[in-house]
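Dear colleague,

I am passing on the structure we spoke of, and below it you will find notes on a few places that I looked at. Please read them with the coordinates open beside you.

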Amino acid sequence: MTVSQALVEFLGRQYTVDRIGDSTFRERLIPGMFGIFGHGNVAGVGQALKQWQVADPALMPYYQGRNEQAQVHQAVGYARHTRRRQTFAVSTSIGPGSSNLLTGAALATANRLPVLLLPSDTFATRAADPVLQQLEQPHGYDITVNDAFRPLSKYFDRVNRPEQLFSALLHGLRVLTDPAETGAVTIALPQDVQAEVFDVPEEFLAEREWRIRRPEPEAEDIAEAARRIRAARRPLIVAGGGVLYAFATEQLRALAEATGIPVGWTQAGVGVLPWDHAQALGAIGSTGTTAANTLAREADLVIGIGTRYEDFTTASRTAFQNPDVAFVNINVAPIDAYKHGTSLPIVADARKALAALTTALGGYRAGADLESSVASEKARWDATVDEAFAQDHAPLVSQNAIIGAVNRAMDPRDVVICAAGSLPGDLHKMWRVRDPFGYHVEYAFSCMGYEIPGGLGVKRAALDEADRAGARPGGAEEAPRDVVVMVGDGSYLMMHTELVTAVAEGIKLITVLIQNHGYASIGALSEQLGSQRFGTKYRTLDRERHTFDDGEKLPIDLATNAESLGVTVYRIEPGANAIADLEAAIGKAKAAPEGSGPIVIHIESDPLVDAPSSESWWDVPVSAASELESTKKAFETYIDHKSRQKPFLG
């Protein structure tokens, strides 16, 4: 066989096995491969995929894409919705085909989500040297473009000889399926080696199972955590994505209901509880609710479960103001369990740790004063969101009202997708989640352009989910979840090309495109920092003053752009009926049959209407010296916030 033929056959026979309680799940680890072909992979991986398409199309289905980065985003969206049990492989040519994967690799690793990257590489033999698109460095002639993947990948290897394929794949898939280590796995494939013939042991090509590790907590750690919780006056749970990846939502609910300990969630943790649960405070941190942030300021014990504590979660280390605050961190990844110098890291599966902790806390209940605070703060925030959703703003509607309309129009099982701009923070605060799978905002890397390809990956997973449910005995046989992408014009223009992929495959992906003629999020931040929204508006250039700030709006029509790609488009006209029309359009899109292709709903908004305040902060430095009065005032505010920043040791 050639190296590429062995690669494809091997990947087609790999399975993840995951035991959750009394149920065991066995799924294809790599259910398909994306690829854009060039001279680096057309005769290698491309030939192998074609050969298997003829011999056995089900072994490794091939999917087209329009941009290599977007293909990684599709794989990441799929991996997130399948809770890291499955992902896609991505094959590229050398040079720009490979380097286009770099942003996707960084995104996957930052989000702790698995993706298998197979960038082609220059000739291992150097028979053709330098080959087209080869990078030459005089200080290191063995360096190629693919060496840029080393700091972005959780595992990197280069197959310079055919025999190296065995160890490269086995080590790579070990990392891919490890909850504590997973991220981008990159295996570079020189174009000549891809087509080289070698002898492949049959056992290498046999079906192989990769069991997802779910480590038990240490008994003494659970006992100590229970002791600290019993001694605390104002405990608080911060739940992250690890709760969802461990399928631990029921265990978290049981702990919260038994103890009365309130729960705030990170961006990745939205969905750990329904929004209206009695112990649910909602989002925490810089983009959090006033309920969660009020309780966070008073907390004397923070129980982090499956969170990596990024700066939005901790409000840049200003969220927890109790001078005696301490941390108990439960995480399957040691790097996260030890965050903030906690004296009690518990390295374990969230589901198993939560079950053990609930048992250890038998009979414990938080004080009535804490429960009263939770109820009153929840009511205050719910009223704030109700008011924001009902905003009647003319002549253009607010983003708050748009979010409210989309939230109301979607079914509980539907999934909202977002990644960058002002939308992620606003969604984190206000989205009323009703299903553990109902919210997917990529915020570890917050990559502009992720939304549409990431949403397409989630929709693929939702379709496969529905197929499996119908095929299994007693399956729900429910219709596939609708996936609704919310994206601003800035992110749309970064990467909308995968709409063509959805057209080609007839995938019903619903996109709500919010047109605000610029970068609304960074514009608001720029104003807060005293930089007067510089460079954030889509305007014509004033050549005399060389500014884009004051010219005419660009005459772009993104609705027509989407139509030109073969997409069905619904235009929401500005006016008093805009919100009602938006809800109706989403209902119409949801009613469209599966297989009918993507739908874009275009609506204009007023970018100057902010979401409700989180009563929190995010550390973005302000110029310490300036001739602008706006910057001077912003710096005074910055210093005031900076004075409350804490090291959080212990």
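I would begin with Asn516, which sits in the loop that joins strand E20 (510–515) to helix H21 (520–528). Please keep in mind throughout that this is a predicted model. With a relative accessible area of 10%, Asn516 falls under the 20% limit and is therefore buried. If its neighbours within four places in sequence are set aside, the residues in contact with Asn516 are Gln399, Asp489, Ser605 and Pro607.

Two helix pairs come next. Two packed helices are described by the angle between their axes and the distance between the axes.

For helix H9 (residues 219–231) and helix H14 (residues 350–360), the packing angle is about 55 degrees and the axes lie 9 Å apart. H9 and H14 are therefore oblique to each other, and the crossing in which H9 passes H14 is right-handed. On the H9 side the residues that meet H14 are Ile222, Ala225, Ala226, Ile229 and Arg230, while H14 brings Ala353, Ala356, Leu357 and Ala360. Sorted by class, this contact of H9 with H14 holds eight nonpolar residues, no polar ones and one charged residue.

The other pair is helix H3 (residues 68–81) with helix H5 (residues 102–110), whose axes cross at roughly 20 degrees and come within 7 Å. Because of that angle, H3 counts as roughly parallel to H5, and the crossing of H3 and H5 is right-handed. Here H3 contributes Gln69, Val72, His73 and Val76 to the contact, and H5 contributes Thr103, Gly104, Ala105, Leu107 and Ala108. The class count for the contact of H3 with H5 is five nonpolar, four polar and no charged residues.

Between strand E1 (residues 14–20) and E9 the pairing is parallel and runs over four bridges; as a point to start from, Tyr15 has Glu209 in E9 as its bridge partner.

Methods: Residues numbered from 1 in each chain as written. Predicted model: local features only at pLDDT ≥ 70, side-chain atom pairs only at ≥ 80, totals over all residues. Heavy atoms only, no water. Axes fitted to C-alpha atoms, helices over the stretch in contact; angles between N-to-C directions. Helix = DSSP H or I, 4+ residues; strand = E, 2+ residues; numbered from the N terminus. Parallel < 35°, antiparallel > 145°, perpendicular 65-115°, else oblique. Left-handed = near helix turned anticlockwise from the far one by under 90°. Contact = heavy atoms within 4.5 Å. Nonpolar A, V, L, I, M, F, W, Y, C, P; charged D, E, K, R; others polar. Buried < 20%, exposed > 50% of the residue type's maximum accessible area, 1.4 Å probe, protein only. Pairing = 2+ DSSP bridges.
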